[in-house]
Amino acid sequence: EPGVLVRITPHGLTSYRPFPSARPAQCIFEYVYFARPDSILFGRNVAAVRRALGRRLAREAPAEADLVIPVPDSGVPAALGYAEEAGLRFDHGLIRNHYVGRTFIEPKQSIRHFGVKIKLNPVREILEGKRVVVVDDSIVRGTTSRKIVSMLRAAGAREVHMRVSSPPTVSPCFYGIDTPTRRELIAASHSVEEIRTYLRADSLAYLSLEGLQESVGAKGEFCHACFSLDYPVPFPGEESAQLRLFQIDPWALA
């Protein structure tokens, strides 16, 4: 367990806790995005949790629409949950090219933009003339979502309603996840309406932090600093960049 040391000797195995106990702070974003959907994470199936996020999102942010589509692949369970709760048709209006990796972690905007263009393809036969709810797991910089909205409209969608199965990402992770800096996070400096305008969507809504916590099922056991700025291990000040150790000349430390 966290905080436990194990000592192995010829006489046997001993485990003990040398440090004071601290509240658990498991990463809630694992449920939203990072974990495989077939995983059992912190005692719960990831796909089932993501489906619950979508159901809660449909209750919090309904939309007058004809169709619910996911941003594949990580948005699929949440979109299924949204469609079930809303009583709307679910379909795959975007087809993913599985030979392209996850675009949000690519280092340059030009690479991310190109990646989106070859990663996702809209299906005109499904989208044309439809009011579409498109469900994604998160919006980080907003560039990918803007491109998706544009693609859906070009494929004939009459309305595009963006729904996000997590709260606005307003702060980076300083615990080892390679997320962007705060100045790159669109929700850190823009309102939901401003983001909607940038995306050119007909409407935009995020899942509430309360809805996320209740869907996951354990309010006090997760780190949600990227959504709330509540860091379990406090930082003395805002960092302008992440993982500063990698910016230091290692020979200078010798």
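# A chat about the fold

Guide: The protein exposes about 13600 Å², and carbon and sulfur atoms supply 55% of that area; accessible areas come from the Shrake-Rupley method with a 1.4 Å probe, and for residues only the protein chains shown count as cover.

Visitor: What kind of model is this, and how are residues numbered?

Guide: This is a predicted model, in which local features need pLDDT of at least 70 and side-chain atom pairs count only at pLDDT 80 or more, while totals for chains, interfaces and linings use all residues. Residues are numbered from 1 along each chain as its sequence is written, and side-chain values use heavy atoms, with hydrogens and water left out.

Visitor: How many helices and strands are there?

Guide: The protein has 10 helices and 13 strands. Helices (H or I, at least four residues) and strands (E, at least two) are DSSP runs, numbered from the N terminus.

Visitor: And what percentage of the residues count as buried?

Guide: Of the 254 residues, 43% count as buried. Buried means under 20% relative accessible area, exposed means over 50%, and partly exposed is in between (1.4 Å probe, protein chains only).

Visitor: Let's look at the open sheet. What is its strand order?

Guide: The order is 7-6-10-11-12, an open sheet of 5 strands with parallel pairing. Two strands pair if DSSP finds at least two bridges between them. Strand 7 and strand 12 are the edge strands, each pairing on one side only.

Visitor: Which strands does strand 10 pair with?

Guide: Strand 10 pairs in the parallel sense with strand 6 (residues 67-70) over 4 bridges, and with strand 11 (residues 159-164) over 6 bridges. Ile 69 has Val 134 of strand 10 as its bridge partner, and Asp 136 has Val 164 of strand 11.

Visitor: How does the chain get from strand 10 to strand 11?

Guide: The chain crosses through helix 6 (residues 143-154), in a right-handed β-α-β crossover. Right-handed here means that, with the strands pointing away from the viewer, the path from the first strand over the helix to the second runs clockwise.

Visitor: Is strand 10 mostly covered or mostly open?

Guide: Strand 10 (residues 131-136) is mostly covered, with 5 of its 6 residues buried.

Visitor: Which strands does helix 3 lie across?

Guide: Helix 3 lies across strand 6, strand 7, strand 10 and strand 11, running at about 165° to strand 6. Axes are lines fitted to C-alpha atoms, for helices over the stretch in contact, and angles run from 0 to 180 degrees between N-to-C directions. Among the buried residues of helix 3 are Val 76, Pro 77 and Tyr 82. Their cover includes helix 2 and strand 6, where contact means heavy atoms within 4.5 Å.

Visitor: Changing topic: which residues have the most contacts inside the largest nonpolar core?

Guide: Those residues are Tyr 31, Val 68, Tyr 82, Val 133, Val 135, Leu 212 and Val 216, in a core of 29 residues. A nonpolar core is a set of buried Ala, Val, Leu, Ile, Met, Phe, Trp, Tyr and Cys residues joined through side-chain atoms within 4.5 Å. The largest share of this core, 5 residues, comes from helix 2. A second, separate core of 28 residues includes Ile 126, Val 134, Val 160 and Val 164.

Visitor: Where is the cis peptide bond?

Guide: The cis bond runs from Pro 72 to Asp 73, with omega near 0°. Asp 73 is in the loop between strand 6 and helix 3.

Visitor: Is Arg 200 buried or exposed?

Guide: Arg 200 counts as exposed, at 51% relative accessibility. Leu 229 also has a positive phi, of about 70°, and is partly exposed, with a relative accessible area of 44%.
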